[in-house]
Amino acid sequence: MRKWTRAVMAAAVLAAILSFNAARFDSRQIDVPRNDEAVPDAEAAVQRLAQAVRFQTLSHQDPAKFPRSEFEGFHAFLARSFPRMQSALRRERINGYSLIYQWSGTDASLKPILVMAHQDVVPVDPASADKWLQPPFGGVVAGGFIWGRGTLDDKGAVMALHEAVEALLAQGFRPKRTLYFAFGHDEEIGGRQGSAKVAEWLSAQGIRLESVLDEGQVVTEGIVPGFDKPVALIGIAEKGYLSLELVVEAEGGHSSMPPPHTAVGILGAAIARLEDSQFAATICDPVRSQFAFLGPEQGWLRRVLFSNLWLFAPLVKWQMAKAPSTNAMLRTTIAPTMLEGSVKENVLPMRARGVVNLRLLPGMSSDEAIRRVIAIVADARVRIAATGSSRSEPSPVSGTDSDAFRKLHRAVKATFQDAIVAPSLVLGATDTRHFIAISDNLFRFLPARLRSEDLKRYHGVNERIGIDNYREFVRFYMRYLREAAS
Ligand SMILES: [Zn+2]
């Protein structure tokens, strides 16, 4: 009897704690007046983005294929399309093809901000070229959309930023804080010749930035579970990137007299062990922060869950691990991507080679990940080493209590009044990682409204942006620049 009473009391205390935490789970959304910026000549702006698409500013892995004249043409087009910006802002070419503009503020004591977008685009896969409803570099405006490679990634932002600056200049706007705009030319192959050099150029002048805004997250529609409303995600951290090569060497010979395990067999077993031994799941800081913004906007059950992670973390992790997109928010992922073996069907391989691509959760260094992979493979015959040139550590996590975050939050909310705003972890890599040394506030947000079927347009076929959404791009940047420049 006494035991039973104690159990009831314990349950009552637990229920009280859970409810208390859920009730205290205050909304982090802010109320701001609607963004009423006017895009001066919206129709012309749409046509200019369409024209921008026609410059095939492609990034190829092979530097010999760099399309110099396309970039030169694009720069000349920008210069003649935005005359105010050309004359009022200082403009530098960095390493030939990246551009940086400086709009000097009236108060030199304030740290400048940087807004970025990249000029380069990924090539179109010839195998899928016939699936495009409009030619990928045609710059066609049809059916309420601007079509073509780069409209989302990332010429939409390059052009909208130019439109925003031009419009603000026309209104006589003077920023208090200095604004920089940087347009890299090789983001799609790692940004080492473009944004990395822009960061070096700023750093060499002793400049520390108040904040950086780049692409990375978007306004999601119907993507975040549990929300009918759009959710505008702001990336406050990004995962690291590491490719590992696994090599097994063996004696060759005729496949009619094989040993028990060939080099391919040994490599295959190693890769299978990696797939079967996932890294541990952790609710890292940016994801915790996302829950703090999303939780209060949800029903009672989810509020109780997200406000009591001390108790429900295992349940939340179990749920998130079910889908690749949420699983990737929880852990360092391993994806086997490449395999090579023998050159002929009846020849034993003398060398088998595989590549696994890892995305590192904030908090896990690439060295630590390599040690873990070696321990999981646990086979001295498999040589494991980092490969490729894109290795990057996970980024630091930018705070959400800063003025810099609040200004961005305000601009997003003002433009997308129907959306819930939340910080998040970016699963891919962006050019912001080159600025880690010169700013504490790195944000990744593109004002694109995307549904889940739109995600595959990135680097895929039928990349396009809605005309109405593109107007929101320009209005968003106008508002953000006003906020951030204050
Ligand atoms: Zn991009």
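Reader: How many bridges pair strand 5 with strand 17, and in which sense, parallel or antiparallel?

Author: This is a predicted model, and in it strand 5 (residues 145–147) and strand 17 pair in the antiparallel sense, with 3 bridges.

Reader: What sheet do they belong to, and what's the strand order?

Author: They sit in an open sheet of 3 strands, ordered 4-5-17, with antiparallel pairing.

Reader: Which strands stand at the edges there?

Author: Strand 4 (141–142) and strand 17 (464–466) do. Each has a single partner strand, so one side of each is left without a neighbour in the sheet.

Reader: And which helix packs on that sheet?

Author: Helix 14 does, touching strand 5 and strand 17. The direction of helix 14 makes about 80 degrees with that of strand 17.

Reader: OK, staying with helix 14. How does helix 13 cross it, left-handed or right-handed?

Author: The crossing is right-handed. The axes of helix 13 (residues 403–415) and helix 14 (residues 467–484) come within 9 Å, and they cross at roughly 145 degrees.

Reader: Which residues make that contact?

Author: From helix 13 you have Lys407, Leu408, Arg410, Ala411, Ala414 and Thr415. Helix 14 brings Glu472, Arg475, Phe476, Arg479, Tyr480, Glu483 and Ala484. Sorted by class, the contact has 6 nonpolar, 1 polar and 6 charged residues.

Reader: Is Pro394 buried or exposed, and why?

Author: Pro394 counts as buried because it has 26 C-beta neighbours inside 10 Å, and the cut-off for buried is 20 or more.

Reader: What does Pro394 touch?

Author: Leaving out residues up to four places away in sequence, Pro394 touches Lys239, Gly240, Leu360, Leu361, Pro362, Gly363 and Met364. Leu427 is 33 residues away from Pro394 in sequence, and their C-alpha atoms are 10.0 Å apart in space.

Reader: How many bridges join strand 11 to strand 12?

Author: There are 7 bridges between strand 11 and strand 12 (residues 351–360), which run antiparallel. In one of the pairings, Ile334 has Leu358 of strand 12 as its bridge partner.

Reader: Zooming out: what domains does the assignment give?

Author: The domain assignment gives domain 1 (42–216 + 424–484) and domain 2 (237–392). Their centres, taken over C-alpha atoms, are separated by 32 Å.

Reader: How many residues does each domain put into the contact?

Author: Domain 1 puts in 10 residues and domain 2 puts in 14 residues. On the domain 1 side, strand 14 (residues 420–426) gives the most, with 3 residues. That side has 4 nonpolar, 4 polar and 2 charged residues.

Reader: So what does strand 14 pair with?

Author: Strand 14 pairs with strand 9 in the parallel sense, over 7 bridges. Ile234 stands opposite Pro423 of strand 14. Strand 9 (residues 231–238) is mostly covered, as 8 of its 8 residues are buried. Strand 8 (residues 219–221) also pairs with strand 9, in the antiparallel sense over 2 bridges.

Reader: Last one: which residues of helix 6 are buried?

Author: In helix 6 (residues 195–204) they are Ser195, Ala196, Lys197, Val198, Ala199 and Leu202. Their cover includes strand 1 (90–94), strand 2 (98–103), strand 3 (113–118) and strand 6 (179–184). Following helix 6 is Gly206, with a positive phi near 75 degrees.

Definitions and conventions: Residues are numbered from 1 along each chain as its sequence is written. This is a predicted model: local features need pLDDT of at least 70, side-chain atom pairs count only at pLDDT 80 or more; totals for chains, interfaces and linings use all residues. Axes are lines fitted to C-alpha atoms, for helices over the stretch in contact, and angles run from 0 to 180 degrees between N-to-C directions. Helices (H or I, at least four residues) and strands (E, at least two) are DSSP runs, numbered from the N terminus. A crossing is left-handed if the near helix is turned anticlockwise from the far one by less than a right angle, and right-handed if clockwise. Two residues are in contact if their C-beta atoms, placed from the backbone, lie within 7 Å. Ala, Val, Leu, Ile, Met, Phe, Trp, Tyr, Cys and Pro count as nonpolar, Asp, Glu, Lys and Arg as charged, and the others, Gly among them, as polar. A residue is buried if 20 or more other C-beta atoms lie within 10 Å of its own, exposed if 12 or fewer, and partly exposed in between; C-beta atoms are placed from the backbone. Two strands pair if DSSP finds at least two bridges between them. Domain bounds come from an automatic or database domain assignment.
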